[in-house]
Amino acid sequence: MTRILASIGAAVLSSLAALGRFVLFALGTVSHLFRPPFYPKELGHSLLQIGYFSLPVVGLTAIFTGGALALQIYAGGARFNAEAVVPQIVAIGMVRELGPVLVGLMIAARVTSSVAAEIATMKVTEQIDALVTLSTHPMKYLTLPRVLAATLVMPVLVGIGDIIGIMGGYLVGTQRLGFNGATYLQNTIDFLEPLDVTSSLVKGAVFGFIAALMGCYYGMNSGRGAMGVGRATKNSVVMAAILILASNFLLTEAFFSA
Amino acid sequence: MITLSNVHKAFGDNKVLRGIDLTVPKGTSTVVIGGSGTGKSILIKCILGLVEPDSGVITVDGVDVTTQPRDAFLARFGMLFQGGALFDSLPVWQNVAFRLLRGSLKRPKAEAREIAIEKLRRVGLAPEVADRFPAELSGGMQKRVSLARAIAAEPEIIFFDEPTTGLDPIMSGVINDLIREIVAEIGATTITITHDMTSVRAIADQVAMLHAGKIRWAGPIGDLDTTDDAYVRQFVSGSPEGPIETLR
Ligand SMILES: Nc1ncnc2c1ncn2[C@@H]1O[C@H](COP(=O)(O)OP(=O)(O)O)[C@@H](O)[C@H]1O
Ligand SMILES: [Mg+2]
């Protein structure tokens with residue numbers, strides 16, 4: 001019994017320690033926002049990599065999710081003679097939860113993994129050491145541009161994901177479920193509140209920050225060799241996904257619990 | 001002048017450096033020899049502050065390295081990493097000119113490129129190489145690009161970690177001459193790590209041998225062949241018989 005408690009205690013302590021290291025790493029990163037030199041070219045590159053090239057993934061994720069959501073809500077609603085609520089619930093479900101969370105998870109898969117693998121490889125091949133000896137701060141040159149880019153661009157990606165998700169619902173609604181197109185859209189627009197949209201975009205920014213930060217953190221702290229890179233990549237994605245889901249709960253709580 | 005006194009560094013229970021004492025006079029070429037895995041790379045990383053020693057004091061021109069502002073301190077150094085450590089996201093010339101494209105030594109792009117191409121020529125690489133990416137080059141070419149990067153900003157102190165490993169004998173000769181020239185021309189202080197005895201004789205003003213975490217022997221190059229230290233004699237002759245264990 002005490003053994004079990006001890007191991008639970010150890011696990012709690014080590015998660016708290018990890019959380020503390022993430023916070024320190026995050027503060028270190030953010031502090032470089034205010035201290036020159038800056039590397040705008042790196043930022044531009046990251047915006048392109050993280051933002052623009054994620055669009056196909058985000059679009060596909062959103063459209064299938066919106067479509068499936070419409071089918072489920074229709075089937076579920078039919079039991080209460082409430083089929084008509086499909087546009088409203090699809091809009092709420094996509095904008096408040098599924099849009100930001102699924103886009104966040106896709107970004108964790110696509111961006112966190114590649115950032116972690118890239119930086120870990122740089123670490124393992126002494127490129128990070130080389131940066132330092134060339135008087136360039138790795139946090140400024142590698143971490144800040146990626147974290148800043150992800151934080152800035154994720155609200156845009158989530159916004160686009162929300163719209164495409166609603167379009168997915170709209171397509172299924174009008175093509176399969178017999179909704180009138182104009183009414184569907186009117187219902188969606190009438191029902192969404194500004195807070196729904198704000199919360200969605202704020203969640204996007206937070207998830208983007210987490211996703212890029214985890215990639216950089218595990219990359220910078222990678223072990224040696226190919227195994228070190230593999231482990232860093234895996235851990236970064238797992239941790240990013242968990243932190244995204246946990247912070248989503250907290251943000252939903254903050255925004256919507258009356 | 002660089003001095004290390006009683007520098008220790010361990011990774012877990014692997015005690016790599018166990019009390020290093022070494023003096024590197026200004027404007028001279030020092031070569032560090034020693035078996036692989038004895039901590040030669042770690043030694044120079046300690047001087048640069050890339051690895052933090054567990055104890056001991058390292059000074060450059062009489063000042064403790066840990067008390068100096070990092071940027072100004074590092075701007076005085078050039079370093080050739082053992083594995084090259086080229087940035088694979090940047091073309092060759094931007095690797096070489098990295099320092100000249102940003103920060104306090106920043107110059108116009110065209111000028112930085114010109115300097116890069118000139119440095120590439122000095123390490124025996126044609127201008128066409130400038131626009132290729134590191135991954136497209138052979139190991140020996142990467143090493144030379146990295147060497148060009150180390151000398152690009154004409155630093156006063158330069159570390160070369162195995163500069164001729166993986167090069168053919170002729171190219172090794174070119175690089176040995178280059179290192180010698182750098183010391184003679186700019187009066188740079190250099191530390192070179194190598195296993196290559198031809199290099200040692202071509203480059204060194206003095207030689208230090210690292211063994212079992214300490215500087216086993218140090219002296220001017222002229223004394224290398226006359227010393228009666230059995231460890232040095234074995235290393236220089238490359239004989240498997242002697243006090244240095246072959247199982248490590
Ligand atoms: N980051 C590190 N973590 C743990 N051990 C290390 C690290 N870097 C080097 N070592 C160990 O230190 C010893 C010396 O390494 P190194 O200085 O690279 O040797 P060499 O003399 O061949 O250059 C080796 O046993 C190596 O395994
Ligand atoms: Mg080495």
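A:L47 sits in helix α2 (residues 40-51) of chain A, where helices (H or I, at least four residues) and strands (E, at least two) are DSSP runs numbered from the N terminus. This is a predicted model, in which local features need pLDDT of at least 70 and side-chain atom pairs count only at pLDDT 80 or more, while totals for chains, interfaces and linings use all residues; side-chain values use heavy atoms, with hydrogens and water left out. Residues are numbered from 1 along each chain as its sequence is written, and chains are lettered from A and ligands numbered from 1 in the order in which they are written.

With a relative accessibility of 31%, A:L47 counts as partly exposed (buried means under 20% relative accessible area, exposed over 50%, and partly exposed in between, with a 1.4 Å probe and protein chains only). Leaving out residues up to four places away in sequence, A:L47 touches A:Y52, A:A149 and A:V153; a contact here means heavy atoms within 4.5 Å. The C-alpha atoms of A:L47 and A:M154 are separated by 9.9 Å, although the two residues are 107 apart along the chain.

Chain A as a whole has nine helices and zero strands. Its C-alpha trace spans about 65 × 55 × 35 Å along the principal axes. Of the 258 residues in chain A, 45% are buried. Among contacts in chain A between residues at least 6 apart in sequence, 85% join residues at least 24 apart.

Next comes the meeting of the two chains. The contact draws on 15 residues from chain A and 22 residues from chain B. Together the chains bury about 1500 Å², 58% of it on carbon and sulfur atoms; buried area is the accessible area (1.4 Å probe) that two parts lose on being put together, summed over both. A:E126, A:T133 and A:L134 supply 37% of the area that chain A buries against chain B, more than any other three residues.

Two salt bridges are counted between chain A and chain B, a salt bridge being a side-chain nitrogen of Lys or Arg within 4 Å of a carboxyl oxygen of Asp or Glu. A:E126 forms a salt bridge with B:K45, with 2.7 Å between the closest N and O atoms. Helix α5 (residues 127-133) of chain A gives six residues, the largest share of the side of chain A that touches chain B. By class, that side of chain A has seven nonpolar, five polar and three charged residues (Ala, Val, Leu, Ile, Met, Phe, Trp, Tyr, Cys and Pro count as nonpolar, Asp, Glu, Lys and Arg as charged, and the others, Gly among them, as polar).

Chain B also holds a metal site. The magnesium ion (ligand 2) is coordinated by B:S41 (OG) and B:Q82 (OE1), at 2.0 to 2.1 Å. Here B:S41 belongs to helix α1 (residues 40-48) of chain B and B:Q82 to the loop between β6 (77-80) and α3 (92-96) of chain B, 41 residues apart. Donors are N, O and S atoms within 2.8 Å of the metal (3.2 Å for Na, K and Ca), and water is not among the atoms, so sites may look incomplete. B:S41 counts as buried because its relative accessibility is 18%, whereas B:Q82, at 33%, counts as partly exposed.

Elsewhere in chain B, B:K9 is found in strand β1 (residues 2-11) and is buried, with a relative accessibility of 12%. B:D54 forms a salt bridge with B:K9, the closest N and O atoms being 3.6 Å apart. This pair links distant parts of the chain, 45 residues apart, with B:D54 in the loop between α1 and β4 (55-60) of chain B. B:D54 is partly exposed, with a relative accessible area of 48%.

B:R76 counts as buried at 19% relative accessibility, and B:D61 counts as partly exposed at 36%. Both residues belong to a network of salt bridges that links B:K26, B:D61, B:R76 and B:E156. The side chains of B:E181 and B:R122 also meet in a salt bridge (2.7 Å, N to O). B:E181 lies in helix α6 (residues 169-186) and B:R122 in helix α4 (residues 109-122) of chain B, so this pair ties together parts that are 59 residues apart in sequence.
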